[in-house]
Amino acid sequence: MHKPVITRIAMFALMMLFACSAAHAAAMNAKISRVKGDVQIKTTDKASWKAAKDGDTVTETGQIKTGAGAEVFVAWKGGNVVKVGPSSQITMSSLSVDGAGNTKSAVKLEKGQVTAKAARLGGTSSFNINTPTAVAGVRGTAFQCTENQVLVADGSVAVSAGGVTVDLSPGTYTEIEAPGMPPMDPMEIPADMLEELQSEVSQAEEVGAEFVDMYGDEDPGMDEGDEDLDSDEDSGMDADMSEDMDLDFDSVLDSIDTALDNSLLGDLIDFEAGDFLPGTGGIQGEIEF
């Protein structure tokens, strides 16, 4: 079997590719708006609960909970929005964007109700809501989730539970009787419920449009008051990471030569001293798969 060839230059390119991919994958910042009633937020999972106010920032692993009669909207890149209803709690379990602009959004509904307006998704972008009984995966749509129901106002939603997936179209919903049970066949949303759902979706669309008008495709960043997200320790870590990314070309090549001589890598990479790639001075070897 022909074995692929690896050189110092090729290995350097691979190392830089991995480094750049890691550097470009980043958590997104979401903004809180239209706070009504008792709303509490944790900016990240390590932060403390605090009273929410319009303009607060929540990022990946952040949490939001509402009291009786309370509600709040959360918006992020592209105009994605969730409205957290009364007596509800959510976790922003995934909220990230890669170097190509693909977003990964996942909201975990701990209890209560959320209404979502997802932006049109392209590439490998995804938007999911996980409830105690199901996972709702969307592709540019407007829908609502409770702990055991998914209702769709626009677009399509794939609801997975108990090893079964049901596709919902506009104006339909499904129920999951209990954790581990499959979703019921799609049913038509009653007219009064659909009207109320469409009203909430319209509110979410307004919030999404406001977010896009204010931030466009830029990350909204963090406010000075978001001390939980911008501590001195975090700033120091960011500085260290920035210094680590400031790589010296000669140092990297020296490290690669050392790695190629390493006995552990020697089992994987087969090369002979003096076997050079013409015109580059790079050591030529072979990777065994």
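**P179 and onwards**

Reply: Start with P179. It counts as exposed, because its relative accessibility is 61% and the cut-off for exposed is over 50%. Keep in mind that this is a predicted model.

Me: Where is P179 found?

Reply: P179 is in a loop. That loop runs between strand 19 (172–175) and strand 20 (187–188).

Me: Leaving aside neighbours within four places in sequence, what is P179 in contact with?

Reply: With P132 and T133.

Me: And E147? How far apart in space are P179 and E147?

Reply: They are 9.8 Å apart, C-alpha to C-alpha. In sequence, 32 residues separate P179 and E147.

Me: New topic: aromatics. How many aromatic pairs are there?

Reply: The count is three. One of them is W76 with F127, and that pair is stacked. The centres are 5.8 Å apart, with 15 degrees between the planes.

Me: Which strands do W76 and F127 come from?

Reply: W76 is in strand 8 (residues 71–76) and F127 is in strand 13 (residues 126–130). The pair links distant parts of the chain, 51 residues apart.

Me: Is W76 buried or exposed?

Reply: W76 counts as buried, because its relative accessibility is 0%. F127 is buried too, at 1% relative accessibility.

Me: What about F211 and Y215, what kind of pair do they form?

Reply: A tilted one. For F211 and Y215 it is 4.9 Å centre to centre and 50 degrees between the planes. Both residues lie in helix 2, four residues apart, which is about one turn of the helix.

Me: Why does F211 count as buried?

Reply: Because the relative accessibility of F211 is 4%, and buried means under 20%. Y215 is partly exposed, since its relative accessible area is 22%.

Me: Which residues line the second largest pocket?

Reply: K31, I32, S33, D54, G55, A75, V207, E210, F211, M214 and Y215. So F211 and Y215, the tilted pair, are both among the lining residues.

Me: How many of the lining residues are nonpolar, and how many are polar or charged?

Reply: Six are nonpolar, two are polar and three are charged.

Me: Last one, T103. Which strand does T103 lie in?

Reply: Strand 11, residues 103–111.

Me: Is T103 buried or exposed?

Reply: T103 is buried, because its relative accessible area is 9% and the limit for buried is under 20%.

Me: And which residues is T103 in contact with, leaving aside neighbours within four places in sequence?

Reply: M28, K77, S96, V97, T124, S125 and S126.

Me: Thanks, that covers my list.

Definitions and conventions: Residues are numbered from 1 along each chain as its sequence is written. This is a predicted model: local features need pLDDT of at least 70, side-chain atom pairs count only at pLDDT 80 or more; totals for chains, interfaces and linings use all residues. Side-chain values use heavy atoms; hydrogens and water are left out. On a 1 Å grid over the protein atoms alone, a cavity is a set of points where a 1.4 Å probe fits but cannot get out, and a pocket is an open set with protein on both sides within 12 Å along at least five of seven lines; lining residues have an atom within 4 Å of a point. Ala, Val, Leu, Ile, Met, Phe, Trp, Tyr, Cys and Pro count as nonpolar, Asp, Glu, Lys and Arg as charged, and the others, Gly among them, as polar. Helices (H or I, at least four residues) and strands (E, at least two) are DSSP runs, numbered from the N terminus. Buried means under 20% relative accessible area, exposed over 50%, partly exposed in between (1.4 Å probe, protein chains only). Contact means heavy atoms within 4.5 Å. Rings of Phe, Tyr and Trp (its six-membered ring) pair if their centres lie within 6.5 Å; planes under 30 degrees apart count as stacked, over 60 as edge-to-face and the rest as tilted.
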